[in-house]
Amino acid sequence: MEKDNTGLLAGPDGVARCFWHGNLPDYLHYHDHEWGRPVSDDRRLFEKICLEGFQSGLSWLTILRKRENFREAFAGFDFDKIAAFTDKDVERLLGNAGIIRHRGKIVSTINNAKRAREMVDEFGSLAAWFWKFEPGKDERPRIVDLAHLRANPTTAVSVRISKELKKRSWSFVGPTTVYAFMQAMGLVNDHLEGCVCRKEVEKERKAFKRPK
């Protein structure tokens, strides 16, 4: 699906985009309207890092197509509510065919909700904590191309965030998972050079008010 090894693919409208959406309608919409656009909403940040954990070993498209089921099962990813889940909730979730029924990842989400609550108490918001790790210009490539992305599934910053989260007893937050989270939530702009969304996202990032 790639064009000339650039990692770009023409959409149904003939416009070049990152190739990975494969022109699947739901994936294309996610690429155009969500991926890489900066997010400061705590619930969305928590949802994403949890779903990235569920994705481990799977494709993001699988998770995306189950996302509404996950939202219903996990109280809209309200971490205050999830933190109060009990063993009975774990069993309920294990019986839900609409989500990924992995006990370790379910238990991890409940644990991480408790840890998220602690971080909000300490820092005011999850957003304030995550965004303080936004890479500086000297930590970013001059040009984001396919070769760079393939060579860097993790970065020094994602390794640092992963270590800090693990110190705070979060789980399923390895460096690759964290970097995927950073890409999706706009802490970095990894739309490829030449993708129609790259300049749009960069404009949003410039206008974005970083949480403190």
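This is a predicted model: local features need pLDDT of at least 70, side-chain atom pairs count only at pLDDT 80 or more; totals for chains, interfaces and linings use all residues.
Begin with helix α1, which covers residues 25–33. Several of its residues are buried: Tyr27, Leu28, Tyr30, His31 and Asp32. What covers them? The cover includes the strand β2 (16–18) and the helices α2 (42–55), α3 (60–73), α10 (175–185) and α11 (196–207). Keep α2, α3 and α10 in mind, as they return below.

Now take α1 together with α3. Two packed helices are described by the angle between their axes and the distance between the axes. For α1 and α3 the angle is about 95 degrees, and the axes are 11 Å apart. The two helices are therefore roughly perpendicular to each other. On the α1 side, the contact is made by Asp26, Tyr27 and Tyr30. On the α3 side, it is made by Trp60, Leu61, Leu64, Arg65 and Arg67.

Next, turn to α2 and α3. Their axes come within 10 Å and cross at roughly 125 degrees. Why is this pair called oblique? The crossing of α2 past α3 is right-handed. From α2, the contact uses Glu47, Lys48, Leu51, Glu52, Phe54 and Gln55. From α3, it uses Trp60, Ile63, Arg67, Phe70 and Arg71.

The charged end of lysine 48 sits over the ring of tryptophan 60, 3.2 Å from the ring's centre.

The model has 16 aromatic pairs. One of them joins tryptophan 20 and tyrosine 27. Their ring centres are 5.2 Å apart and their planes stand at 65 degrees, so the pair is edge-to-face. How exposed is each partner? Tryptophan 20 is partly exposed, with a relative accessible area of 24%. Tyrosine 27 is buried, with a relative accessible area of 12%.

Another pair is made by phenylalanine 54 and phenylalanine 70. This one is tilted, with 4.8 Å from centre to centre and 55 degrees between the planes. The pair links distant parts of the chain. Phenylalanine 54 is in helix α2 and phenylalanine 70 is in helix α3, 16 residues apart. Both phenylalanines are buried. They also belong to a cluster. Ring pairs link Phe46, Phe54, Phe70, Phe74, Phe77, Phe79, Phe85 and Trp170 into that cluster.

Stay with α3 for one more residue. Lysine 66 is found in this helix. Its relative accessibility is 23%, and it counts as partly exposed. Which residues does lysine 66 touch, leaving aside neighbours within four places in sequence? They are Ala97, Gly98, Ile99 and Ile100. Glycine 36 is 30 residues from lysine 66 along the chain, and their C-alpha atoms are separated by 20 Å.

Further along comes helix α6, residues 103–123, which holds arginine 115. Is arginine 115 buried or exposed? Arginine 115 is buried, with a relative accessible area of 15%. Not counting residues up to four places away in sequence, arginine 115 touches Arg168, Ser169 and Trp170. Trp170 is also in the ring cluster.

The last stop is α10. This helix is mostly covered, with nine of its 11 residues buried. The buried ones are Thr177, Val178, Tyr179, Ala180, Phe181, Met182, Gln183, Ala184 and Met185. They pack against α1, α2, α7 (126–131), α8 (146–151) and α9.

Look at the α9 contact in detail. Helix α9 runs over residues 156–167. The axes of α9 and α10 come within 8 Å and cross at roughly 115 degrees. The two helices are therefore roughly perpendicular to each other. Here too the crossing is right-handed. Val157, Ser158, Val159, Ile161, Ser162 and Leu165 make the contact from α9. Pro175, Val178, Tyr179 and Met182 make it from α10. Just after α10, glycine 186 takes a positive phi of about 85 degrees.

Key. Residues are numbered from 1 along each chain as its sequence is written. Side-chain values use heavy atoms; hydrogens and water are left out. Buried means under 20% relative accessible area, exposed over 50%, partly exposed in between (1.4 Å probe, protein chains only). Helices (H or I, at least four residues) and strands (E, at least two) are DSSP runs, numbered from the N terminus. Contact means heavy atoms within 4.5 Å. Rings of Phe, Tyr and Trp (its six-membered ring) pair if their centres lie within 6.5 Å; planes under 30 degrees apart count as stacked, over 60 as edge-to-face and the rest as tilted. A charge sits over a ring if NZ of Lys or CZ of Arg is within 6 Å of the ring centre and within 35 degrees of the ring normal. Axes are lines fitted to C-alpha atoms, for helices over the stretch in contact, and angles run from 0 to 180 degrees between N-to-C directions. A crossing is left-handed if the near helix is turned anticlockwise from the far one by less than a right angle, and right-handed if clockwise. Angles under 35 degrees count as roughly parallel, over 145 as roughly antiparallel, 65 to 115 as roughly perpendicular and the rest as oblique.
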